[in-house]
Amino acid sequence: MTVTDSAYATTAPAAEVATCAPPLAHPRPTGQDRYTISEVVTATGLSAHTLRWYERIGLMPHVDRSHTGQRRYSNRDLNWLDLVGKLRLTGMPVADMVRYAELVRAGEHTFPEREELLTAHREDVRRRIAELRGTLAVLDHKIDIYADARRASERA
């Protein structure tokens with residue numbers, strides 16, 4: 001599987017997966033494989049400034065240019081941006097995302113280092129999820145207290 005493959009495995013139990021909301025999908029232009037920066041903005045929800053910044057810091061692989069110098073993104077670029085978005089959502093530091101991009105560009109011999117980087121990040125994500133579950137339990141408890149108090153006052 002390459003980094004641009006859209007399929008990925010999940011290790012979360014089925015009950016947890018069922019409670020997750022589906023990702024928000026941005027419309028991708030159909031029937032083409034070359035997109036202007038404005039089309040990519042529409043398809044990804046990212047700003048043009050962010051796309052240019054990603055390219056400048058080395059997070060985006062080489063982006064082709066038209067004969068007039070305009071950026072032309074491919075479906076592969078959109079797939080990469082989807083992965084970058086997921087990594088951002090999980091809180092991966094930009095420096096780690098750039099390092100991952102460098103490893104991808106370096107070739108298959110970097111698979112072990114990529115796996116190590118992603119495994120370490122997954123453990124951080126799992127730790128944060130556990131913290132959030134604890135916080136959610138506190139919120140649920142407080143909400144229950146207020147709901148019980150409201151119901152009691154309505155009965156009185």
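## Reading aromatic pairs and a helix packing

Me: Before I start clicking around, what kind of model is this?
Reply: It's a predicted model.

Me: Okay, aromatic pairs. How do I read one, and how many are there here?
Reply: In general, you describe a pair of aromatic rings by the distance of the centres and the angle of the planes. Searching the whole structure turns up two aromatic pairs. One of them joins tryptophan 53 and tyrosine 54, with centres 5.8 Å apart and 40 degrees between the planes, so it's classed as tilted.

Me: Is tyrosine 54 buried or exposed, and why?
Reply: Buried, because its relative accessibility is 3%, and the cut-off for buried is under 20%. Tryptophan 53 is partly exposed, at 32% relative accessible area.

Me: Which residues make the stacked pair?
Reply: Tryptophan 80 and tyrosine 100, at 6.2 Å centre to centre and 10 degrees between the planes. That pair links distant parts of the chain: tryptophan 80 sits in helix α4 (residues 75-89) and tyrosine 100 in helix α5 (residues 94-106), 20 residues apart. Tryptophan 80 and tyrosine 100 are both buried.

Me: Now the helices themselves. How do I read their packing?
Reply: Two packed helices are described by the angle between their axes and the distance between the axes. For α4 and α5, the angle is about 145 degrees and the axes are 11 Å apart. The crossing of α4 past α5 is right-handed.

Me: Which residues make that contact?
Reply: From α4, it's Trp80, Leu83, Val84, Leu87 and Arg88; from α5, Met97, Tyr100, Ala101 and Val104. Sorted by class, the α4–α5 contact has eight nonpolar residues, one charged and no polar.

Definitions and conventions: Residues are numbered from 1 along each chain as its sequence is written. This is a predicted model: local features need pLDDT of at least 70, side-chain atom pairs count only at pLDDT 80 or more; totals for chains, interfaces and linings use all residues. Side-chain values use heavy atoms; hydrogens and water are left out. Rings of Phe, Tyr and Trp (its six-membered ring) pair if their centres lie within 6.5 Å; planes under 30 degrees apart count as stacked, over 60 as edge-to-face and the rest as tilted. Buried means under 20% relative accessible area, exposed over 50%, partly exposed in between (1.4 Å probe, protein chains only). Helices (H or I, at least four residues) and strands (E, at least two) are DSSP runs, numbered from the N terminus. Axes are lines fitted to C-alpha atoms, for helices over the stretch in contact, and angles run from 0 to 180 degrees between N-to-C directions. A crossing is left-handed if the near helix is turned anticlockwise from the far one by less than a right angle, and right-handed if clockwise. Contact means heavy atoms within 4.5 Å. Ala, Val, Leu, Ile, Met, Phe, Trp, Tyr, Cys and Pro count as nonpolar, Asp, Glu, Lys and Arg as charged, and the others, Gly among them, as polar.
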